[in-house]
Amino acid sequence: MRRVLGAEWQLGWLMVAPVVIIVSTLLIYPFFDAILLSFQDRFIGKTGTWVGFANYAALFADTTTPWVKAALTTLVVTGGAIGTKFVVGMAMACVLNQDIPGKNLFRGIMFLPWAVPAVVSAYVWRFMFDTTGPINGAIANFGILDDYIYFFSDARMAVPALIVVIVWAGTPFWTMNFIAGMQAISTELYEAAEIDGASTWQRFLHVTLPGLQSVILVTGLLSTIWTSANLTPIFVLTNGGPNYATTTLPLLSYFVAIPGHQLGAGAAIAMTMVPFYLVLVLFLTRRMLRQD
């Protein structure tokens with residue numbers, strides 16, 4: 001019996017070992033290597049030297065450092081995008097969850113922005129916001145304003161324009177999850193609330209929102225991580241400008257590590273986001289385990 005169990009254990013380990021090795025190679029090793037890299041003064045093509053916390057000290061030495069501005073920009077862009085995606089996604093889900101003509105067609109159209117590759121959608125929006133694009137073309141043709149709107153040349157317009165692009169691409173994810181959550185809410189709750197004289201708004205506040213609490217939480221946490229770490233639309237649309245107005249922490253890390261050739265300093269910038277992500281991941285994991 002022991003031999004059989006031993007043979008089964010060895011066979012099981014032989015089947016699991018490749019998976020463990022692959023996961024360690026693709027996930028664990030690069031992560032810890034990046035942590036070690038953040039404690040080094042290393043340039044591309046050269047051997048790094050251990051400097052301890054010097055890279056991190058340089059980031060927090062002065063409140064005027066690019067890291068501080070990039071951190072604030074990351075908070076503004078992420079917070080603005082998440083809040084807008086929640087409102088727009090919830091509104092779209094409430095409409096598409098009703099029995100309206102062409103509901104399935106509208107749902108399919110709603111998913112298109114999420115299906116378009118990020119680079120393609122960014123270039124399309126870059127053309128739309130350009131001075132020769134349709135938005136400024138309409139302004140010139142109809143005399144709406146005295147001058148063009150320089151979306152990516154004016155720091156006051158660059159961040160809102162960037163948020164619009166992020167919201168356009170990410171809202172379908174919220175809408176999809178909200179619709180799925182609404183489908184799981186019992187219709188008896190709505191019927192009981194309607195019998196009690198609750199209005200549409202009251203049914204939304206006291207039935208729909210409580211029923212979507214877990215969906216909102218999970219969707220918000222995942223979208224926050226993806227939005228704050230995404231640099232594709234920023235890189236294509238503004239390249240961090242004007243005057244670093246749209247430079248987020250991931251983009252700053254790229255600028256320092258690759259064009260700036262300072263791999264250690266770039267890794268340190270990226271690592272400052274890890275504690276924030278760990279809190280979100282741990283909170284999300286505990287929430288999901290509690291539901292199970």
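This is a predicted model: local features need pLDDT of at least 70, side-chain atom pairs count only at pLDDT 80 or more; totals for chains, interfaces and linings use all residues.
Residues are numbered from 1 along each chain as its sequence is written, and side-chain values use heavy atoms, with hydrogens and water left out.

**Overall build**
- You'll find 14 helices and two strands in the chain (DSSP runs numbered from the N terminus: H or I of at least four residues for helices, E of at least two for strands).
- Of the 292 residues, 36% count as buried (under 20% relative accessible area; exposed is over 50%, partly exposed in between, with a 1.4 Å probe and protein chains only).
- Among contacts (heavy atoms within 4.5 Å) with a separation of 6 or more, 65% come from residues 24 or more positions apart.

**Around Trp-125**
- Trp-125 sits in helix H5, residues 118–129, and is buried at 13% relative accessible area.
- Beyond its neighbours within four places in sequence, Trp-125 touches Val-164, Val-165, Trp-168 and Leu-237.
- Val-236 is 111 residues from Trp-125 in sequence, yet their C-alpha atoms are 9.7 Å apart.

**The loop between H11 and H12**
- Pro-242 lies in this loop, between H11 (232–237) and H12 (249–257), and the Gly-241 to Pro-242 peptide bond is cis, with omega near -5 degrees.
- Asn-239, also in the loop, has a positive phi near 55 degrees without being a glycine, and is partly exposed at 42%.
- Asn-243 belongs to the loop too; its phi is positive, about 55 degrees, and Asn-243 is exposed at 63%.
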